[in-house]
Amino acid sequence: MITRRKARKVKIGDVFLGSDFPIAIQSMTQTRTENVAATIAQILEAEKEGCDMMRVAVPHLEAAKALKEIKKKIHIPLIADIHFDYRLALEAIKNGADKIRINPGNIGSKEKVLEIIELAKKYKIAIRIGVNAGSLEQELMEKHGGPTAKALVESALNWIKFFEKHKFTNIVLSVKSSDVLDCVEAYKLLAKKCDYPLHLGITEAGIPPYAAIKSAVGLGALLLEGIGDTVRVSMSAPVAEQVQATKNVLKSLHLYNKEPEIIACPTCGRKQIDVEKLARKLEPELMKIKRPLKVAILGCTVNVVGESMGADYAICGGGKGKCAIFRKGKILKWVTEKNIVGEIIKIIKSTK
Ligand code: SF4
């Protein structure tokens, strides 16, 4: 059981971040935001995958104005991602953004950041201070000899001070880097220095499967220490795949419990059934059952006692094209390999 770091409550639309709430899954669209239909379609797809909030790029006025129409058709909070031009942040807020993500260091001046703060206060929305290794202030780069973990954290802390001085505490923080070691170190340092919710991510992780593994290693190291209130796996891959990867990182740590988990053996010379084929066939059917369940698939009877006790259900290859179905360690019935998927789904659906 993971003990979460104490983090204060911050509201994003109708989602709450902080240690009293589930870790929120988020992602970002890949469409041109001003292409309203395409952006809505992608957000709805992400929603269906289990995304709790979605960010869109706002690189110009047309994109900022599109937020109003997008908001009408989606059901999760909408976050506007702003770089450089504070006027886009103001426009995004006026057009209904539920949160603004800025890197204050690239907004140009403290006066401009202050204008964003004042309008966010008026509209009662949160701001993510998204410090990023790729866009760190020059003086901090020079002081620390590059975008080190300490440099990222110093930037975030400086901005927290500025926001707090202007009585703004509706803050979420991130200190992302594409380097896992820097990223983990930065978040650990930052987690000790404040109690604002933290948005975790290994930025620009690359292409899957490596990107998913790299993200899981970095995010897992932090989540295991109770750090993280909202998470995004960012990979060069379709949005739905990124959301699934985020969900799976959380699921592996029992931090996401809205769907089942399959445990399957890697097989060896003792296997009596085609475990991989069976698992791939079972998975999509099982994921339609929206409750936490553990289903084990074992190629033979060697580990069946231990694994079937630990799982809610187990399928075990028993020879002659037959498998046994177990429930909480007790054998329920024998079924042919051909019929096993339909049979186990039927059993799971008929039991609570
Ligand atoms: Fe091999 Fe059986 Fe273990 Fe699977 S469960 S890895 S088939 S011994």
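1. Glutamate 259 and lysine 251 are joined by a salt bridge in which the closest N and O atoms are 3.0 Å apart. The model is a predicted one. Glutamate 259 counts as buried because its relative accessibility is 7%, and lysine 251 is likewise classed as buried, with a relative accessible area of 10%. Both residues belong to a network of salt bridges that links Glu49, Lys247, Lys251 and Glu259.

2. In the structure as a whole there are 21 salt bridges. One of them brings together the side chains of aspartate 229 and arginine 5, at 3.6 Å from N to O. This pair links distant parts of the chain, 224 residues apart: aspartate 229 lies in the loop between helix H8 (210-223) and strand E10 (230-231), and arginine 5 lies in the segment before strand E1 (10-12). Aspartate 229 and arginine 5 are both buried.

3. A further salt bridge is formed by the side chains of glutamate 91 and lysine 65, at 3.3 Å from N to O. Here helix H3 (residues 86-94), which holds glutamate 91, is linked to helix H2 (residues 61-73), which holds lysine 65; the two residues are 26 apart in the chain. Glutamate 91 is buried because its relative accessible area is 17% and the cut-off is under 20%. Lysine 65, by contrast, is partly exposed, with a relative accessible area of 44%.

4. Four aromatic pairs are present. Phenylalanine 16 and phenylalanine 21 make a stacked pair, with 5.1 Å from centre to centre and 20° between the planes. Phenylalanine 16 is partly exposed at a relative accessible area of 29%, and phenylalanine 21 is also partly exposed, at 23% relative accessibility.

5. Phenylalanine 163 and phenylalanine 168 form an edge-to-face pair, 5.9 Å from centre to centre and with 70° between the planes. Phenylalanine 163 is buried at 0% relative accessibility, and phenylalanine 168 is buried with a relative accessible area of 3%.

6. Which residues lie around the ligand? They are Cys265, Thr267, Cys268, Arg270, Lys271, Gly299, Cys300, Val302 and Asn303. By type, this shell divides into four nonpolar, three polar and two charged residues.

How values were computed
Residues are numbered from 1 along each chain as its sequence is written. This is a predicted model: local features need pLDDT of at least 70, side-chain atom pairs count only at pLDDT 80 or more; totals for chains, interfaces and linings use all residues. Side-chain values use heavy atoms; hydrogens and water are left out. A residue is near a molecule or strand if one of its heavy atoms lies within 4 Å of it. Ala, Val, Leu, Ile, Met, Phe, Trp, Tyr, Cys and Pro count as nonpolar, Asp, Glu, Lys and Arg as charged, and the others, Gly among them, as polar. Rings of Phe, Tyr and Trp (its six-membered ring) pair if their centres lie within 6.5 Å; planes under 30 degrees apart count as stacked, over 60 as edge-to-face and the rest as tilted. Buried means under 20% relative accessible area, exposed over 50%, partly exposed in between (1.4 Å probe, protein chains only). A salt bridge is a side-chain nitrogen of Lys or Arg within 4 Å of a carboxyl oxygen of Asp or Glu. Helices (H or I, at least four residues) and strands (E, at least two) are DSSP runs, numbered from the N terminus.
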